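Please open the model in your viewer and keep the selection tool at hand. The tour moves from one selection to the next and says what is found at each stop.

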Amino acid sequence: MKAAVLRELNAPLTIENVDIDKPGPNEVLTRTAASGICHSDLHIIEGGIPMAMPCILGHEPSGIVEAVGSDVKDFKPGDHVIGCLNAWCGTCNYCLTGRPHLCMPPEMLMRLDGTSRLTQGGSPVVQFALSSFAEQMLTHERALVKIKDEMPLDRASLIGCGVTTGIGAALRTAKVEPGATTAIIGCGGVGLSALQGCRIAGAGRIIAVDTMDWKLELARDLGATDVVNGTEGDAVAQVQELTGGGVDYAFECIGLQPTIKQAVGMAAKGGAAVLVGVLPIDQEVSLSASEITLQEKRVLGSFMGSNAFRRDMPQYVDYYLDGRLRLDEMISKRISLDEINPAFDAMRGGEVARSVIVFD
Ligand SMILES: NC(=O)c1ccc[n+]([C@@H]2O[C@H](COP(=O)([O-])OP(=O)(O)OC[C@H]3O[C@@H](n4cnc5c(N)ncnc54)[C@H](O)[C@@H]3O)[C@@H](O)[C@H]2O)c1
Ligand SMILES: [Zn+2]
Ligand SMILES: [Zn+2]
């Protein structure tokens, strides 16, 4: 099969032929229908998230099941599915306490018997959970969820990471209440999803912050009540002024030191900064401990929208089908696998909300 392979940091991915194995007992072979391109893939290319190479990235996919292993009960060929990197075990403390997104056991992500699902000339190619920048995916069955056939597969792919991360940050991690005041810093695929999560939760005020006017217009269209361009003056002061003292929830959806500090600054007394953006592993942020303690601000980490994805993703599909979740507007470009490197350039330049690879 054709796949985009990462061989070297900060270098273009190369389109190569890669061999994919037959499904083992608990594995499912899926033909990739579409894969969104998430900024976390770019973090890996730029070295901000360490990963062994050669590696196939891509973790925001939809597809159609082609073959299943002998012990698979939940899927059959022809099923439409979304993939999620939060495969879970079902028996650990995290799974049993309703936090399966924190489980991530290695045997769900790769084989532990020394064989590799992906190879080239017999040598292993590293799988990044799903490795959806490829025509097919071979995964543990618990990395997939079945969805309704009427859900368009290009839009479904967005739910695999960005949408679940953003909506979940609002609904599951922060548990935004009706009427709450909110700010979203960064209006890419993840931020626009957090914004929609706040809208679905019934937030009273949703302030979108970005540096690109076209993203702020899109944010307004998707439900922002106010917009702030971060290049025009002090974004924290503007949010403080708009709300008379700060927001109940400020979502950082970029992964930059200054905007993480801004999120804490935008939170009102007793409010929360919800950290969704991923900071490169070698960077840290210093925050005012006295501001956090004396104003009782909370700093919440939010990983993959605190999902239980077999419950959440079909629900988000229903939200799309009944009109509550808007995904059409979030796809800026549909591209082929061969166009993946320019799509990363478009992300670097802030030209897209999401690019989606659509396979034949
Ligand atoms: N926590 C998780 O589980 C999780 C999951 C997926 C992605 N992420 C992370 O979320 C972040 C966002 O991902 P994405 O795919 O939406 O990225 P993206 O590149 O599409 O969006 C980032 C947005 O931030 C805006 N921006 C950049 N600098 C800014 C500034 N100084 N002030 C205001 N806005 C600014 C850009 O214009 C863009 O709209 C990334 O760090 C990604 O790795 C986290
Ligand atoms: Zn992602
Ligand atoms: Zn578990």
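A donor, as the word is used here, is an N, O or S atom within 2.8 Å of the metal, and since water is not among the atoms, a site may look incomplete. The model on screen is a predicted one.

Cys-38 sits in the loop between β4 (27-36) and α1 (39-45), while Cys-161 belongs to helix α4, so that the pair, 123 residues apart, links distant parts of the chain. Cys-38 counts as buried because its relative accessibility is 3%, and Cys-161 is buried too, with a relative accessible area of 4%.

Next, select the zinc ion (ligand 3), which has Cys-89 (SG), Cys-92 (SG), Cys-95 (SG) and Cys-103 (SG) as its protein donors, at 2.3 to 2.4 Å. These donors are spaced C-x2-C-x2-C-x7-C in sequence, and the angles among the 4 donor atoms run from 104 to 116°, which makes the site tetrahedral. For comparison, the ideal angle for four tetrahedral donors is 109.5 degrees. Of the cysteines here, Cys-89 is buried at 16% relative accessibility, and Cys-95 is buried at 13%.

Now turn to the largest nonpolar core, which has 98 residues, and pick out Phe-133, Val-176 and Phe-251, the members that touch the most others. Helix α4 (residues 153-174) contributes the most to this core, with 10 residues. The core lies between domain 1 (2-146 + 327-358) and domain 2 (167-302), because both give residues to it. Staying on Phe-251, show its contacts beyond four places in sequence, among them Ala-169, Ala-170, Val-176, Ile-184, Cys-198 and Val-274.

Select helix α5 (residues 189-201), whose 13 residues reach 18 Å from the first C-alpha to the last, close to the 18 Å expected.

How values were computed. Residues are numbered from 1 along each chain as its sequence is written. Chains are lettered from A and ligands numbered from 1 in the order in which they are written. This is a predicted model: local features need pLDDT of at least 70, side-chain atom pairs count only at pLDDT 80 or more; totals for chains, interfaces and linings use all residues. Side-chain values use heavy atoms; hydrogens and water are left out. A nonpolar core is a set of buried Ala, Val, Leu, Ile, Met, Phe, Trp, Tyr and Cys residues joined through side-chain atoms within 4.5 Å. Buried means under 20% relative accessible area, exposed over 50%, partly exposed in between (1.4 Å probe, protein chains only). Helices (H or I, at least four residues) and strands (E, at least two) are DSSP runs, numbered from the N terminus. Domain bounds come from an automatic or database domain assignment. Contact means heavy atoms within 4.5 Å. Donors are N, O and S atoms within 2.8 Å of the metal (3.2 Å for Na, K and Ca); water is not among the atoms, so sites may look incomplete. Four donors count as tetrahedral if all angles lie between 85 and 135 degrees; four count as square planar and six as octahedral if opposite donors are over 155 degrees apart and all others between 65 and 115; anything else is irregular. The expected span of a helix is 1.5 Å times one less than its number of residues.
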